[in-house]
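Hi,

Here is the structure I said I would pass on. Please open it alongside this note; my findings follow below.

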Amino acid sequence: MTGEWRQGGSRALMAAIGIVGVGLSAGAILARSAAPDIPAAAARAVSAAPSPSPRERALGASAEARPTPGAEIHFKKTVLDREFRSEGVAVADVNRDGRLDVIAGNLWYEAPNWTPHEIAPLEQYDRAKEYSKSFLNFAFDVNNDGWPDEIVIGFPGKAAVWRENPRGASGHWTEHPIWRSACNESPAFAPLWRGGPPVLVFAYDDSYMAWFEPGAAPADPFTCHTISEAKAASTNHFSHGLGVGDINGDGRPDIITTKGYWAAPEDPRKSSGPWTFVPAALGPDSAEMYAYDVNGDGLPDVLASSAHNKGVWWYEQVRKGDGRTEFVQHLIDDSFSQSHGLAMADINGDGVNDLVTGKRFWAHGPTGDVEPNAPAVLYWFELQRKGGQVTWQKHLIDDSSGVGLQVIVADMNGDKRPDIVVANKNGVFVFQQVR
Ligand SMILES: [Ca+2]
Ligand SMILES: [Ca+2]
Ligand SMILES: [Ca+2]
Ligand SMILES: [Ca+2]
């Protein structure tokens with residue numbers, strides 16, 4: 001684990017941005033300004049993957065010619081923590097040494113040895129009976145000082161805060177307000193206009209959907225841009241399912257819920273008043289939601305997973321003769337429950353986005369939800385389009401970790417192969433992709 005995690009800060013950052021940019025994956029990274037220069041030696045690529053086993057060769061030989069068949073991809077698990085710290089997680093180069101670190105609740109773990117450092121005083125949580133105070137995390141340079149800060153979304157409906165990176169100084173990070181109430185269980189952090197920075201998207205006061213950007217001073221709450229009428233869809237603190245992505249194909253990222261989507265105006269910064277809401281049946285309670293043209297017919301489709309029950313789905317956008325749009329639900333998998341975190345990213349590098357999700361272990365404790373005590377699985381689903389047919393190859397990554405309210409996909413070691421980071425009631429984990 002020594003030099004293996006070495007990497008160029010700016011390169012890793014760009015790789016991470018690329019992944020997030022493609023997938024609009026939850027839990028984006030990143031500093032506003034470039035990472036510091038790093039020595040060339042530290043920026044060199046990591047050594048090649050080990051030779052494939054005979055079984056892998058056999059599988060590869062029978063697969064279509066692609067960059068890397070999914071069956072040849074494996075993940076090396078590293079346990080950063082066995083304690084329940086957070087159900088959100090983020091990655092960023094916290095100490096600006098050129099290596100991506102992991103942020104989970106009140107701790108950050110310093111690469112390459114994952115040395116834990118306190119962001120705030122540690123708290124103990126009983127994973128059978130309690131939630132943490134950290135449901136989702138994002139890393140972003142909120143105060144534009146070149147150092148990535150931590151955004152913490154707490155218990156649904158409670159206040160959201162950000163914590164200021166102390167720029168190498170010791171001690172806890174100074175906490176600042178974001179907004180009094182973050183509703184919906186899957187707040188998003190993604191750009192809302194082309195070339196823009198990621199912004200927070202969540203509902204507030206059990207009534208309004210909105211997006212938020214940093215205020216004028218660190219002590220100010222974020223500036224709230226309300227985009228809905230009062231009592232809008234999916235705005236309860238326990239509402240499930242939210243995402244950002246272009247559904248109507250006009251190139252502008254829309255705000256997606258299970259009840260439909262708000263179509264983004266030309267420039268959300270100049271828009272006042274509600275966005276147009278387009279009702280659509282996009283399934284039961286979900287987690288992160290994404291827009292992506294799954295079947296390659298030119299119409300964006302929607303990806304979602306069941307927060308507390310079973311199901312991973314894609315919703316095919318179909319244009320009717322009369323101009324109406326319908327979304328047809330297609331099941332990807334229903335073999336496990338509580339897929340309360342969903343990431344979209346191209347895991348195998350074939351240019352087609354894949355999905356990563358798994359079981360949020362004990363989402364409602366050891367007796368709640370469906371099959372709460374089944375193994376805490378983590379899967380990636382490899383999207384293939386063969387002869388116009390969509391298939392999803394299911395690949396088990398691990399069966400004793402799962403997901404939290406997020407799954408992060410990021411190239412942690414700079415080898416251009418996306419890795420996976422998770423924090424939940426089982427601990428904090430990094431899964432390094434090896435081929
Ligand atoms: Ca670092
Ligand atoms: Ca900062
Ligand atoms: Ca499509
Ligand atoms: Ca792929």
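Start with one residue pair: P191 sits opposite P198, and P198 belongs to β11. Keep in mind that this is a predicted model.

The strand pairing around that spot comes next. β10 and β11 run antiparallel to each other, with 5 bridges between them. β11 covers residues 198–204.

Both strands belong to an open sheet of 4 strands. The order is β10-β11-β12-β13, and the pairing is antiparallel. Which strands form the edges? They are β10 (183–191) and β13 (223–226), and each of them pairs on one side only. On average, neighbouring strands in this sheet are turned by 30° against each other, ignoring direction.

Now the core. The largest nonpolar core holds 110 residues. Which members touch the most others? They are V89, V91, V102, I103, V302, I408 and I420. β11 turns up again here: it gives the most to this core, contributing 6 residues. So much for the local picture.

The secondary structure consists of 3 helices and 28 strands. Contacts reach along the chain as well. Among those with a separation of 6 or more, 55% join residues 24 or more positions apart.

Best wishes

Notes
Residues are numbered from 1 along each chain as its sequence is written. Chains are lettered from A and ligands numbered from 1 in the order in which they are written. This is a predicted model: local features need pLDDT of at least 70, side-chain atom pairs count only at pLDDT 80 or more; totals for chains, interfaces and linings use all residues. Helices (H or I, at least four residues) and strands (E, at least two) are DSSP runs, numbered from the N terminus. Two residues are in contact if their C-beta atoms, placed from the backbone, lie within 7 Å. Two strands pair if DSSP finds at least two bridges between them. Axes are lines fitted to C-alpha atoms, for helices over the stretch in contact, and angles run from 0 to 180 degrees between N-to-C directions. A nonpolar core is a set of buried Ala, Val, Leu, Ile, Met, Phe, Trp, Tyr and Cys residues joined through C-beta atoms within 7 Å. A residue is buried if 20 or more other C-beta atoms lie within 10 Å of its own, exposed if 12 or fewer, and partly exposed in between; C-beta atoms are placed from the backbone.
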